[in-house]
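Hi everyone, thanks for coming.

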Amino acid sequence: MARDDVEARTSKKYVRTFIFSMKTGTPIEKLHVITKIFMIAAMSVLALYMFDIPVLKGGPDIIGLIFLLTIVFVLLIISGTTKYLANSYLLLALPVPISEFIWWLFFNEGLPGAREVFYLWPGFFPIGISTAVLVCVFGVVYYRTRSIIIAIIPAVLLWWLTAMAGTFDFSPLTTWFRLPIGATYSFTLSSWSVTVALSKALGFAVMIYTSFLFLLTTRDAEIAGAMRQLGLSFKKAFFIALIFRSLNTLLIDYENIRIAQTARAAGVNRKNVFSKIIDLAYVSIPLVATMIRRSTEMGVALYARGFEASKKVTSFKETKRITYMDVTVIAILSVFLIYEVVLGHNINNLFVR
Amino acid sequence: MSGEEKTVSNKQNKYPWSNYTLKLGRGEPVSTTQYVLYAVQIAAVIILSYLSVVLLGPLSYSGISLFYFVYPFFLVFTLWWGIWGILGAYIGCVIGAGLLVGLTPIVSGAYAISDFIPPLVVFIVYRGLLANRGIDPLWRDLTDKEVAGVKTKRVTAWILFIVINGIILNAISAELGVGIENYYGLIPSGAYWGWWAGWFFGDLIAMIIITPVLVKGLTKLVERQGLINGGWVT
């Protein structure tokens, strides 16, 4: 019977994960959850280390970070979740690395190096790569959102980021034509500012998309199964499984309550922020009341099924074995960690002398 | 029972909330309903932490929200469910305001300490210290004039509520959270106080607005169902 269930599960084309459904049979789906946890831990250690290398020791490992980000995107493509990612989180998560870049550019004090000129406005409209960025970003975001305001904000922001560096504006490779408009407004920053800010943005992107990779390709039951394999008692493993299983249900409850509130005209006339916050506060009562009711019902159901009395319980069917693929992934990441973090080598130095 | 013990016992029973203490529990094992409830409330805190951070979109950064509305939830849950509420606050921050918004386990695990300390201290201070001095450890005195026939000290309760939770613990939380993110290189030193202020006021506003609503609307219901912990565990 158990074998039939496992066959039924493995014969499915898609299985539900934390925040999506995952294609079965891909190399990522076959990885053990412990390998995936090791992977996000290793990738985050690498990203944190690479973007934090002090300028005096050669500065952040930009090429290493680009390499990591490429690995993450390749893994996302292999896992078959890129379509979902592109439709949802890719653009949603993009403001975070951009804001990271801006914060680190302007608030990172005490960097050594020569001062370089950057432009708030270079005194002309540069026609070149920056214009291509403006048009592409506007086009993509508008296509996704159908809102001119939402599309214009990231487009102008990214355009300005590509146009503010003097070297871009005055190089014939990046600026092909100039339309003189107004006076020049400029400021100076350390020459390391852009490198450090870019490394922070890349590092953050690595961390964000690695986390998504885990959430898009992992099932709650896999975690409970892994806990059992690690020797946790059934009650503790089931407790953890209950937490993860309840996430989706509670999110649906939250959405339903919000829709019910809207149907009762909540927030129709009141526009100010505090009124909206109070509306949000009023979601809390039905949400918590639903949570308590559901817990009571589930508790009774578990009790009726002999949860407290049973000595021998059925183990999780989603439990996987560690395969040679898991060992290979862990070994490659460990070598990478030792090379970069323990021995202190820098991938940047392999290419830039 | 000696005379001294009788005096202590009388003092402890002076208030209707005297059964909510800092003992381990009521001497009973965790029931199946409680077992499920503790797991589900952790899930609820994870979801609310996630929503607290993502609802403000690009304004929220590195897991820091300008309106972290889960803060009052886990404080109230801690007063109801003791160690499970504290666990919920920590796990909620690690997963909801950390992993789900792209922070890695290392950073999330470290900076979630900022959400672990306030509920822990609140539970100890309110149940261990203030409950014996006429302040309700379930915060019903913030909204009610009376609790089970005993007149409440509303003004004192509000002052303590804002000073302890809104200012002292919130400042410690902001210092820990922003400090740890700064240590890991996620927040530049020049922007430290800006993010500190965002954290502090984001939590403070949420706490002042949501806590009374939550307490008024739900504490009686939860208490009536016998679901409030007598001590840390049950």
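**One helix, then a contact**

Helix H4 of chain A, residues 62-79, has 18 residues and reaches 26 Å from its first C-alpha to its last, close to the 26 Å expected at 1.5 Å a residue. The expected span is 1.5 Å times one less than the number of residues, and helices here are DSSP runs (H or I, at least four residues) numbered from the N terminus.

Please keep in mind that this is a predicted model, where local features need pLDDT of at least 70, side-chain atom pairs count only at pLDDT 80 or more, and totals for chains, interfaces and linings use all residues. Residues are numbered from 1 along each chain as its sequence is written, while chains are lettered from A and ligands numbered from 1 in the order in which they are written.

Back to H4(A): its buried residues include A:Leu65, A:Leu68 and A:Val72. Buried means that 20 or more other C-beta atoms, placed from the backbone, lie within 10 Å of the residue's own. After H4(A) comes A:Gly80, with a positive phi near 75 degrees.

Now, how many residues does each chain give to the contact? Chain A gives 49 residues and chain B gives 41, with contact meaning C-beta atoms, placed from the backbone, within 7 Å. On the side of chain B that touches chain A, H2(B) has the largest share, 13 residues.

Finally, H13(A), residues 234-263, packs against H2(B) at about 55 degrees, with the axes 8 Å apart. A:Leu247 and B:Ala43 are among the residues making this contact.

How values were computed: Two residues are in contact if their C-beta atoms, placed from the backbone, lie within 7 Å. Helices (H or I, at least four residues) and strands (E, at least two) are DSSP runs, numbered from the N terminus. Axes are lines fitted to C-alpha atoms, for helices over the stretch in contact, and angles run from 0 to 180 degrees between N-to-C directions. A residue is buried if 20 or more other C-beta atoms lie within 10 Å of its own, exposed if 12 or fewer, and partly exposed in between; C-beta atoms are placed from the backbone.
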